[in-house]
Amino acid sequence: QVQLVESGGGLVQAGGSLRLSCAASGSGFSTNAMAWYRQAPGKQRELVASITSGGYTNYADSVKGRFTISRDNAKNTVYLQMNSLKPEDTAVYYCKFRVTYYGGTYSIDYWGQGTQVTVSS
């Protein structure tokens with residue numbers, strides 16, 4: 001069983017920066033795509049950024065130019081560098097890993113517990 005542990009959330013003023021980390025624990029698997037989602041109060045969860053096993057990235061239009069997703073395969077970790085933060089970025093951020101167990105023939109998605117990001121004006 002894979003477990004994802006998130007860190008790096010907190011309170012920051014508008015224009016500030018935060019870096020979120022999400023590390024997978026466990027063994028016997030390889031990681032495919034990684035992604036960050038967020039959910040603001042009263043809103044649906046939305047995809048913020050994703051990165052494939054080959055390093056290709058995609059971003060929501062609202063964060064392009066401000067957020068950067070990256071991964072460290074040796075550490076089974078995904079990062080989200082958030083710069084020029086705005087109050088509308090306030091949300092709970094969740095990481096998601098798609099993994100394949102060694103010898104397996106299909107992939108499974110795992111979610112982190114969520115970390116709160118609050119941006120004050």
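This is a predicted model: local features need pLDDT of at least 70, side-chain atom pairs count only at pLDDT 80 or more; totals for chains, interfaces and linings use all residues.

The protein chain carries 11 positive and 7 negative side chains, where Lys and Arg count as positive, Asp and Glu as negative, and His and the chain ends are not counted. The centres of these two sets lie 2 Å apart, with each charge placed at NZ of Lys, CZ of Arg, CG of Asp or CD of Glu.

Residues are numbered from 1 along each chain as its sequence is written, and side-chain values use heavy atoms, with hydrogens and water left out.

Next, the overall architecture. The protein chain has eleven strands and zero helices; both are DSSP runs numbered from the N terminus, helices being H or I of at least four residues and strands E of at least two. The C-alpha trace spans about 50 × 25 × 25 Å along its principal axes. The radius of gyration of the protein chain is 14 Å, which agrees with the value near 14 Å for a compact globule of 121 residues; the radius is taken over C-alpha atoms, and the globule rule is 2.2 Å times the number of residues to the power 0.38.

The accessible surface comes to about 6500 Å², and 47% of that belongs to carbon and sulfur atoms. Such areas come from the Shrake-Rupley method with a 1.4 Å probe, and for residues only the protein chains shown count as cover. Of the 121 residues, 40% are buried, a class defined as under 20% relative accessible area, with exposed over 50% and partly exposed in between (1.4 Å probe, protein chains only). Taking contacts between residues at least 6 apart in sequence, 56% join residues at least 24 apart, contact meaning heavy atoms within 4.5 Å.

What does the interior hold? The largest nonpolar core has 29 residues, and those with the most contacts inside it are Trp-36, Val-78, Leu-80, Met-82 and Tyr-93. Strand 3 (18-25), strand 4 (29-39) and strand 9 (91-101) are among the elements that give two or more residues to this core, and the largest share, five residues, comes from strand 9. By nonpolar core I mean a set of buried Ala, Val, Leu, Ile, Met, Phe, Trp, Tyr and Cys residues joined through side-chain atoms within 4.5 Å.

Is Trp-36 buried or exposed? Trp-36, in strand 4, has a relative accessible area of 0% and is therefore buried. Trp-36 and Gly-112 are 76 residues apart in sequence, yet 9.5 Å apart in space, C-alpha to C-alpha.

Not counting residues up to four places away in sequence, Val-5 touches Ser-21, Cys-22, Ala-23 and Gln-113.

Thr-57 belongs to strand 6 (residues 57-59) and counts as partly exposed because its relative accessibility is 33%. Leaving aside neighbours within four places in sequence, Thr-57 is in contact with Ser-50, Ile-51 and Ile-69.

Finally, two loop residues. Asn-76, between strand 7 and strand 8, has a positive phi of about 50 degrees although it is not a glycine. Ser-84 sits in the loop between strand 8 and strand 9 and likewise has a positive phi of about 50 degrees without being a glycine. Ser-84 is partly exposed, at 41% relative accessible area.
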